[in-house]
Amino acid sequence: MSLETLNERVQTDLSYLAYGGTDWVRPLEHLEGHVYDVVIVGGGQSGLGAAFGLLRERISNILVIDENSEGLEGPWETYARMVTLRTPKHLTSIDLGIPSLTFRSWWEAQAGPEGWEAMDKIPRGEWMNYLRWYRQVLRLPVVNEVKLKLIEPGEEGLHRLHIAGPGAPSGLLLARKVVLATGIQGGGEWHVPPLIAGNLPEHLYAHTSEAIDFSALKGKKIAILGGGASAFDNANYMLSEGAAEAHVFVRRERLPSVNPIRQMEMSGMIERFHTLADDDKYAVISHFFKYNQPPTNDTFARAAAWPGFRLHLGSPWLDVQAAPGGAVVTTPKGEFAFDYIVVSTGLLSDPGLRPELRLVERYIARWSDRYQAPEDKVNPLLDDHPYLSPGFALQSRGEDGQKLLHGLFVFNYSALASCGLSASAISGIRNAIPKLVAGVADQLFRDDRERILQSFYSYNEIEFTGDL
């Protein structure tokens, strides 16, 4: 099968499902311009999947905006530096149950069934190519190079989105519902420990999420702080780009060997997480944070195969200081001099860290507002996560914020505490998108309840015309 044939098959499959029927949501007019029923912020895998899910529900007055250039949405061609995805290749995702839209169908259209069988894990670049095809074949309404600067709640049921960028049609968009499909970092910010940020000039370090000039690091000695999968991805990438040495520092005495995501994929935890009580949700995500995601065996093997690779276990950083030509790192096992520091310490999730939410963040309920964990189980990282509905809607701390937050949905990594492994996780997105779409559609329906019911009660079109 060729890609052209697959494209035709996708359209046929969609036609069998009556895809693209007439919208049921009432158009809303406004003096300031067009009002979108839904604006999705983020055109990566989560945003694309959400857009397709809404279109399947006959909600087509939507727009997807992304701050990146077309084809560079998400992390895959920017800061993601793994060779392959970590997710098993057989797990489906944004196809939403349509076989012709799966990565496997797309891959086999080019490499044949034997090519699929020969693949171990999905190459990172090919996943991005699949997302580009998915957007194109579904004709999703994405506008690139548009950055959301601020969400301004307007009169009840409307939000003004202040935007900027070369692709912005104007400085303002109007939307009834806003979905923040803003990826791993979209719920907060990447974390750089004060020990580094407070002691080193910015030219001596970078977080793994940043663009790094690897050509400038050729022949250099690099320190990487962090023991997660990303640390080893970056070590391998830097050494392949010509770095002389890459030293990975881990505070634990042993690398974690258990990946809780694999258990979640098999146990129903991903699909049914929303049914758990808050104490169970809190305990599950605290346990998840404890283990995090270890490097895959092939990722570790690739990094460790380089002569310049070094692993320092039981080596938390006690001090970091600038030195002539670089930095000196102090651990319980001694001092080490490096030319450059790379930080792989994850992220913080807190709506208060997001500039686009600055007008409403004080009203947003966090987990610490809704659940008080036992003293021996308190997790400050989890407490700062937004407390969301099962449909990913922001919840208010009190009555004064309910109208302001109505219509705002969080479909990024900060949804983890409330909705489990879902947005920004290939393993969870297949189950998360229908819940998000239902949450958005249900809210639109309830907002228009009076008009819809009145239309139902007054409906009198004749259908039966038999002559009795």
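Helix axes are taken here as lines fitted to C-alpha atoms over the stretch in contact, with angles running from 0 to 180 degrees between N-to-C directions. In this predicted model, helix 2, which spans residues 45–56, packs against helix 15, which spans residues 426–447, at an angle of about 45°, and the two axes lie 9 Å apart. Because angles under 35 degrees count as roughly parallel and those from 65 to 115 as roughly perpendicular, helix 2 and helix 15 are therefore described as oblique to each other. The crossing of helix 2 and helix 15 is right-handed. On the side of helix 2 the contact is made by Q45, S46, G49, A50, G53 and L54, which meet I426, I429, I433, L436, V437 and V440 of helix 15. By class, the residues of this contact between helix 2 and helix 15 comprise eight nonpolar and four polar ones, with no charged residue among them.

With strand 5 (residues 159–164), by contrast, strand 6 pairs in the antiparallel sense, over four bridges, and L161 stands opposite L173 of strand 6. Strand 6 is also joined by three bridges to strand 17 (residues 408–410), and these two strands run parallel; here L180 stands opposite V410 of strand 17.

Key:
Residues numbered from 1 in each chain as written. Predicted model: local features only at pLDDT ≥ 70, side-chain atom pairs only at ≥ 80, totals over all residues. Heavy atoms only, no water. Parallel < 35°, antiparallel > 145°, perpendicular 65-115°, else oblique. Left-handed = near helix turned anticlockwise from the far one by under 90°. Contact = heavy atoms within 4.5 Å. Nonpolar A, V, L, I, M, F, W, Y, C, P; charged D, E, K, R; others polar. Pairing = 2+ DSSP bridges.
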